[in-house]
Amino acid sequence: MLYATDRTASELEDLTLTLGEGPCVDATAGGPVLVADLTVPECRSRWPVFVPAAVLAGAGAVFALPLRVGGIRLGVLDLYRVRAGDLGAEQLADALVLADTACAVLLDDATRHGVDRDGQWPEGTGLHHPEVHQATGMIMVQLGVPAAVALIRLRAYAYPQDRRLRDVAADVVARHLRLGPARTRGDRNG
């Protein structure tokens with residue numbers, strides 16, 4: 001997350017990161033995801049964990065617009081509305097202009113700071129929770145599993161504990177928490 005306008009927006013991004021589901025995740029892989037009413041049954045079946053948490057956080061509608069230039073995926077612009085309701089044609093046009101502007105700003109920032117030889121973004125752009133990446137790597141080594149499985153294990157621990165993914169990851173990195181192969185809930189190091 002590069003920027004959140006308020007606490008609810010930040011909470012929605014945290015939920016997406018922790019749960020690994022929601023309109024933002026779908027928009028990252030596909031096109032725009034425009035959800036005018038999070039309480040409809042289709043939303044609950046599509047995102048069964050995200051939707052109740054997002055509604056509890058104060059969102060009635062979510063609109064996720066991919067930030068892309070050709071085949072390059074830069075991120076997603078997420079918008080939310082407290083009450084359910086579609087974006088009108090003019091509002092959607094404005095949101096798409098904002099998404100294009102965000103792409104231009106991100107590309108301008110990358111041009112100013114450069115990308116490395118492997119085409120990676122400079123440090124500081126993208127996910128602002130490096131501990132999630134560090135913890136994922138530690139769990140990969142500890143359990144001998146791929147990165148995707150290690151991240152799922154982190155999420156599977158965080159959700160029932162009602163904790164944010166970044167907080168659980170910080171505990172793993174600090175060696176306060178170790179997720180063992182034989183346990184689903186992990187165990188605390190003494």
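The protein's secondary structure comes to 8 helices and 5 strands, where helices (H or I, at least four residues) and strands (E, at least two) are DSSP runs, numbered from the N terminus. Starting at the N terminus, the order is α-α-β-α-α-β-β-α-α-α-α-β-β. Keep in mind that this is a predicted model: local features need pLDDT of at least 70, side-chain atom pairs count only at pLDDT 80 or more, and totals for chains, interfaces and linings use all residues. Residues are numbered from 1 along each chain as its sequence is written, and side-chain values use heavy atoms, with hydrogens and water left out.

**Overall numbers**

- Of the protein's 190 residues, 35% count as buried; buried means under 20% relative accessible area, exposed over 50%, and partly exposed in between, with a 1.4 Å probe and protein chains only.
- Take the contacts (heavy atoms within 4.5 Å) between residues at least 6 apart in sequence: 54% of them join residues at least 24 apart.

**Nonpolar cores**

- The largest nonpolar core has 17 residues, and Leu12, Val33, Val35, Leu38, Trp47, Phe50 and Val51 have the most contacts inside it. A core here is a set of buried Ala, Val, Leu, Ile, Met, Phe, Trp, Tyr and Cys residues joined through side-chain atoms within 4.5 Å.
- At least two residues of this core come from each of helix 1, helix 2 (23-29), strand 1 (33-35), helix 4 and strand 2 (61-69).
- Apart from that core lies another, of 16 residues, with Val132, Leu143, Ala169 and Leu177 among them.
- As background, nonpolar side chains tend to be buried together in soluble globular proteins.

- Phe50 is in contact with Leu12, Leu15, Thr16, Leu19, Glu21, Gly22 and Pro23, once its neighbours within four places in sequence are set aside.
- Leu38 sits in the loop between strand 1 and helix 3 (41-46), and counts as buried because its relative accessible area is 0%.
- Not counting residues up to four places away in sequence, Leu38 touches Cys43, Val51, Ala54, Val55, Ala59, Gly60, Ala61 and Val62.
- The C-alpha atoms of Leu38 and Ala84 are separated by 7.2 Å, though the two are 46 residues apart along the chain.
- Leu65 belongs to strand 2 and is buried too, with a relative accessible area of 2%.
- Beyond its neighbours within four places in sequence, Leu65 is in contact with Pro32, Leu34, Gly75, Val76, Leu77, Leu79, Ala95, Leu96 and Ala99.
- From Leu65 to Ala99 is 34 residues along the chain, with 6.8 Å between their C-alpha atoms.

**The second largest pocket**

- Its volume is about 260 Å³. A pocket is found on a 1 Å grid over the protein atoms alone, as an open set of points where a 1.4 Å probe fits, with protein on both sides within 12 Å along at least five of seven lines; lining residues have an atom within 4 Å of a point. Grid points are joined across faces, edges and corners, and the volume is the space filled by probe spheres set on them.
- It has 14 lining residues, and the closest to its centre are Glu11, Leu15, Ala53, Asp162 and Arg164.
- Helix 1 (7-19) and helix 4 (50-57) are the elements that give two or more residues to this lining.
- The lining divides into 9 nonpolar, 1 polar and 4 charged residues; Ala, Val, Leu, Ile, Met, Phe, Trp, Tyr, Cys and Pro count as nonpolar, Asp, Glu, Lys and Arg as charged, and the others, Gly among them, as polar.

**Positive phi in two loops**

- Most residues other than glycine have a negative phi.
- Asp162 has a positive phi near 55°, in the loop between helix 7 (147-158) and helix 8 (165-173).
- Asp162 is exposed, at 72% relative accessibility.
- Arg175 has a positive phi of about 65° and lies in the loop between helix 8 and strand 4 (177-178).
- Arg175 is exposed, with a relative accessible area of 58%.
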